[in-house]
Amino acid sequence: MTTEIVVIDYGMGNLWSVSSALNYLGRKSVISGDPARVVRADALILPGVGSFRQAIEVLRANGLAEAITEAVLGRRRKILGICLGMQLFAESGSEDGLSQGLGFIPGVVDRFSNEELGVLKVPHIGFNQVKASDNSRLFQGLGGSTDFYFVHSYRLLSENLPGQSATCRYGVDFLAAYEHENIFATQFHPEKSQTNGLLLLKNFLDS
């Protein structure tokens, strides 16, 4: 079982919502922006709301981008990126100008286009159905299609990803979740998705 769980604090995440969900599961976590603690953690959660560019600049300025990379790629610790946290795993993002991401997931983050969405509005807000493969570790026990809560205007564009992917449809199909080896990510907010989200968080910690 995972022992040291660190929810990464860089000033742009739903830290207490995530921490409260973990507490409900009986899993003690630490909210920290200390790069040394991030490197030592057994599991990391990177939540996030706001601008891709601002977030990656803060992570780099605080030494957290380097610490996260060392923990995930060097020490092979598992990590879950939530919403903007997932997007920061990409190679790059276009929000507020093109910025380089952490590079854990091949692909770029771009805004939903009017051509794709038609009469649908941006941001995409509310519960929507996510379709996952049967052998997904994150979605174990959740069935093939499950509702989760979304709030986002951007999404990660990628093709032929290694590992397991889950999709959601909002005008077009988009990447709603991803898992490969020790890297896990959700565009939706499991901490705001009631029972389904709690089970997904438990699956991540038990994986």
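**Exercise 1.** Which elements make a right-handed β-α-β unit with β1?

*Solution.* A quick note before we start: this is a predicted model.
- Step 1: Pick up β1 and its partner. β1 and strand β2 (residues 29–32) run parallel and are joined by four bridges.
- Step 2: Residue I5 sits opposite S29 of β2.
- Step 3: β1, helix α1 (residues 15–24) and β2 together make the right-handed unit.

**Exercise 2.** Work out whether the chain's radius of gyration fits a compact globule.

*Solution.* 
- Step 1: Count the parts. The chain holds seven helices and 13 strands.
- Step 2: For 207 residues, a compact globule would come out near 17 Å.
- Step 3: Compare. The chain has 16 Å, so the two agree.
- Step 4: Look at the outline and the surface. Along the principal axes, the C-alpha atoms fill a box of roughly 45 × 40 × 30 Å. The accessible surface is about 9,100 Å², and 46% of that belongs to carbon and sulfur atoms.
- Step 5: Look inside. Buried residues account for 51% of the 207. Of the contacts between residues at least 6 apart in sequence, 71% link residues at least 24 apart.

**Exercise 3.** Find where the buried residues of helix α4 (residues 64–74) lie around its axis, and what they pack against.

*Solution.* 
- Step 1: List them. The buried residues of α4 are L64, A65, A67, I68, A71 and V72.
- Step 2: View the helix down its axis. These buried residues fall within an arc of 165°, so they line one face of α4.
- Step 3: Recall the helix geometry behind such patterns. An α-helix has 3.6 residues a turn, so residues three or four places apart point the same way.
- Step 4: Name the packing partners. The strands that the buried residues of α4 pack against are β1 (5–8), β3 (43–46), β4 (78–82) and β13 (183–186), and the helices are α2 (35–40) and α3 (52–61).
- Step 5: Check what comes after the helix. R76 follows α4 and has a positive phi, near 60°.

**Exercise 4.** Is N203 buried or exposed?

*Solution.* 
- Step 1: Locate the residue. N203 is part of helix α7 (residues 194–206).
- Step 2: Apply the cut-off. Buried means under 20% relative accessible area. N203 has 11% relative accessibility, so N203 counts as buried.
- Step 3: See what N203 touches. Setting aside residues up to four places away in sequence, its contacts are R137, L138, F139 and Q140.

Conventions. Residues numbered from 1 in each chain as written. Predicted model: local features only at pLDDT ≥ 70, side-chain atom pairs only at ≥ 80, totals over all residues. Heavy atoms only, no water. Helix = DSSP H or I, 4+ residues; strand = E, 2+ residues; numbered from the N terminus. Buried < 20%, exposed > 50% of the residue type's maximum accessible area, 1.4 Å probe, protein only. Contact = heavy atoms within 4.5 Å. Arc of directions from axis to C-beta. Pairing = 2+ DSSP bridges. Right-handed = clockwise from strand over helix to strand, strands pointing away. Rg over C-alpha atoms; globule rule 2.2 N^0.38 Å. Areas by Shrake-Rupley, 256 points an atom, 1.4 Å probe, with all protein chains shown as cover.
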